[in-house]
Amino acid sequence: MNHPLTTSWLGIRLGRDPQSLERLRKAGQILGVRRGGGYAYPAWQFDEQGRVIDGIPQAIAAARSAGVSDERLAELLQVRAGLGSRRRLVDSLRDGNVGHVLGVVRAQAA
């Protein structure tokens, strides 16, 4: 996971307390992956203003309904689009291609 953000760092950046971040994670509004005794939040899910990029909540919902763990989803979103490509699946979300990403996520359950 590239540049995971700690709960305390993200809380300060977003002006939220740790309990608020935990509620957002549980509700599927932000992606958190287990790290030690807590959670880390992939930096790539946020834009330059600290907002969650469009499609992240939908991808989390699709993964959870398909039985795909948040940790596996984080891995999937980092997968390169092809040999020699620098583009990742999360880049498709940034481009607005949410449907494609949801299809890939749902295929993981098959």
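The side chain of S69 reaches the backbone nitrogen of R72 at 3.0 Å. The model is predicted.

Reader: Where is S69 found?

Author: Take the contact with R72 as the way in. The side chain of S69 reaches the backbone nitrogen of that residue. As for its place in the fold, S69 belongs to the loop between α3 and α4.

Reader: Is S69 buried, partly exposed or exposed?

Author: Buried needs under 20% relative accessible area, and exposed needs over 50%. S69 has a relative accessible area of 36%. That value makes S69 partly exposed.

Reader: How confident is the prediction, and where in the protein chain is confidence highest?

Author: The mean pLDDT of the protein chain is 90. Of its residues, 97% reach 70 or more. Confidence is lowest in strand β1, residues 4-6, at a mean of 89. It is highest, at 96, in α3.

Reader: Which residues of α3 are buried, and why do they line one face of the helix?

Author: Helix α3 spans residues 56-65, and its buried residues are I56, A59, I60, A62 and A63. Seen down the axis of α3, they fall within an arc of 165 degrees, so they line one face. The arc asked about is 165 degrees.

Reader: What covers the buried residues of α3?

Author: Helices are part of the answer. The cover includes α4 (70-77), α5 (89-94) and α6 (98-107).

Reader: Why are the buried residues of α6 on the same side of the helix?

Author: The buried residues of α6 are V98, V101, L102 and V105.

Reader: What covers the buried residues of α6?

Author: Return to V98, V101, L102 and V105, the buried residues of α6. Their cover includes α3, α4 and α5.

Reader: Is V101 buried or exposed, and what is it in contact with?

Author: V101 lies in helix α6. Its relative accessibility is 0%, so V101 counts as buried. Leaving aside neighbours within four places in sequence, its contacts are L77, L89, S92 and L93.

Reader: How far apart in space are V101 and L83?

Author: In sequence, V101 and L83 are 18 residues apart. In space, C-alpha to C-alpha, the distance is 18 Å.

Reader: Is V98 buried or exposed, and which residues is it in contact with?

Author: V98 also lies in helix α6. Its relative accessible area is 18%, and V98 is buried because the cut-off is under 20%. Leaving aside neighbours within four places in sequence, V98 is in contact with G55, Q58 and L93.

Reader: Which residues of α2 are buried, and which exposed residues does the face turned away carry?

Author: In helix α2, residues 18-26, the buried residues are S20, L21 and R25. They fall within an arc of 140 degrees seen down the axis, so they line one face of the helix. The face of α2 turned away from that buried side carries the exposed residues R23 and K26.

Reader: What do the buried residues of α2 pack against?

Author: Start from S20, L21 and R25, which are buried in α2. Their packing partners are α1 (7-14), β3, α3 and α4.

Reader: Which ring does the charged end of R25 sit over?

Author: R25 is one of the buried residues of α2. Its charged end is 3.7 Å from the centre of a ring. That ring belongs to Y39.

Reader: Is D47 buried or exposed, and which residues is it in contact with?

Author: D47 is found in the loop between β3 (38-42) and α3. With a relative accessible area of 18%, D47 is buried. A polar atom of its side chain lies 2.9 Å from the backbone nitrogen of Q49. Beyond neighbours within four places in sequence, D47 is in contact with I53 and R94.

Definitions and conventions
Residues are numbered from 1 along each chain as its sequence is written. This is a predicted model: local features need pLDDT of at least 70, side-chain atom pairs count only at pLDDT 80 or more; totals for chains, interfaces and linings use all residues. Side-chain values use heavy atoms; hydrogens and water are left out. Buried means under 20% relative accessible area, exposed over 50%, partly exposed in between (1.4 Å probe, protein chains only). Helices (H or I, at least four residues) and strands (E, at least two) are DSSP runs, numbered from the N terminus. The arc is that of the directions from the helix axis to the C-beta atoms. Contact means heavy atoms within 4.5 Å. A charge sits over a ring if NZ of Lys or CZ of Arg is within 6 Å of the ring centre and within 35 degrees of the ring normal. pLDDT is the predictor's confidence in each residue, from 0 to 100. A polar contact is a pair of N or O atoms within 3.5 Å; within protein, one must be able to donate a hydrogen and the other to accept it, and residues adjacent in sequence count only if both atoms are side-chain atoms.
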